Amino acid sequence: MKNQWPQETPLEYRLALPVAGPPLLAFGAELNSSFCLAAGGEARLFELGDDLGAPAARVRMEESIERVVHNAGASLLYCARDLHPDFASSRMAMSSGLIPVPIQHHHAHMASVMAEHGITETCLGVIFDGMGMGTDGGLWGGEFLLGDLADFERVGHLRPMAQPGGDAAALAPWRMALSLLYRAYGDDWPGHAARFASRHDMEKTRVLIRAMERGVNSPPTTSAGRLFDGVSSLLGLCDVNDAPARAAITLEAAAKDRDPIPLEMEVKKEGGSWILDPLPAVKRMVSSLEDGTDVGKLAAGFHLALALAAAELCEKVSRERDVKIAVLSGGVFQNRTLAPMTAERLESASFRVCQADRTRPHDGFLAYGQAAAASARLAKGDKNVSGHTGPVG
């Protein structure tokens, strides 16, 4: 690294860690970049907010890290990184010379809120965001995790949907709308969603449908962010994300102060895991929209149905596993309609609900969660970090 300190100073947050571990450096995620220097029971999070896909952003992060570590006089052995090996932040971690501790993306979101609230016992995390690599290598993003700071298990998730075009779908919400329509109605979807069909080139939709049928560049995802994108486009609100989270923000704005149309989502167990299926609500929205129902009322109904279904799934897990603390995190919970709705329903079911207060639920604070989770793992004496078998701490 070059000894050229960036002119812009990252925002710094001093936060406590409920479990003290050895000194370590957490490298955060790809978007909303941040890093965290942790030692003992204290964490210093530095938020840069950049997209590390840009070379200048990576240079800024590298120089900021070098300056902070140098000024702190820190002696480091470990680092924490996202489970996704292709994130620029992960590559930085793996080339740092430190022993990497991989932390699953959504567990880090959960751990961030737990650490902020000083929680070390078992919790149920409701983690809704755009995308993170799961322990199975899949694209997660609508997750129900049961665990503590060190470990977790996936006990539920949104029903997977195809993401046509892969990463391109994040920029084109209409692709996710098409995915939902095709799953709901098959080849007959244009007859059910005439308004949507009239806005789009049918040849392009046929190409994407054939790709989804063949599994070509259409990976399955449980992403809540992509679900919001798809619903926003279905309702005619936003077909293109020309700014970060434009479709989701537009959907939230449409729902504000509107009376919700009653919608239902299904919660059921499949293969030992709880599944939250939004398809019944999607089909009702499509038919209601064709009948001329107010878009704002449908948007409000979607938010309420998701909050109710999430709370229902949590109650089912609670009865099975005797857990009464619920943690809400992930970028989707920046939504000021969904977050309070979900919290209210969970509190009515006697859950203690914890959300980001001093921190934020988006990826900018992921490094803090990584540091908290890695510290807890190392404090337990977990020597299985990236194949490392040497002493811990």
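Which residues do ring pairs link into a cluster? I went looking, and found Phe128, Phe144 and Phe333.

**Ground rules**

I am working with a predicted model, where local features need pLDDT of at least 70 and side-chain atom pairs count only at pLDDT 80 or more, while totals for chains, interfaces and linings use all residues. I number residues from 1 along each chain as its sequence is written, and my side-chain values use heavy atoms, with hydrogens and water left out.

**Aromatic pairs**

I noted 6 aromatic pairs in the structure. My criterion is that rings of Phe, Tyr and Trp (its six-membered ring) pair if their centres lie within 6.5 Å; planes under 30 degrees apart are stacked, over 60 edge-to-face, and the rest tilted.

I began with phenylalanine 128 and phenylalanine 144: their ring centres are 5.9 Å apart and the planes stand at 85°, so I logged this pair as edge-to-face. The two residues are 16 apart and belong to distant parts of the chain, with phenylalanine 128 in strand β5 (residues 123–133) and phenylalanine 144 in strand β6 (residues 139–147). For such labels I use DSSP runs numbered from the N terminus: helices are H or I with at least four residues, strands E with at least two.

Next I checked phenylalanine 128 against phenylalanine 333, and this pair is stacked, with 5.3 Å from centre to centre and 10° between the planes. Here the partners are 205 residues apart, and phenylalanine 333 sits in the loop between β12 (325–329) and α12 (338–348).

Phenylalanine 128 is buried at 1%, phenylalanine 144 is buried at 0%, and phenylalanine 333 is buried at 6%.

**Charges over rings**

I count a charge as over a ring if NZ of Lys or CZ of Arg is within 6 Å of the ring centre and within 35 degrees of the ring normal. Arginine 154 passes for the face of tryptophan 140, at 3.9 Å from the ring centre. Lysine 324 also qualifies, its charged end being 4.7 Å from the centre of the phenylalanine 351 ring.

**Positive phi**

Which residues other than glycine did I find with a positive phi? Alanine 245 has one of about 60°; I located this residue in the loop between α8 (224–234) and α9 (246–255), partly exposed at 42% relative accessibility. Aspartate 322 has a phi near 55°. I placed aspartate 322 in the loop between α11 (295–321) and β12, and at 70% it is exposed.

Note on methods. Buried means under 20% relative accessible area, exposed over 50%, partly exposed in between (1.4 Å probe, protein chains only).
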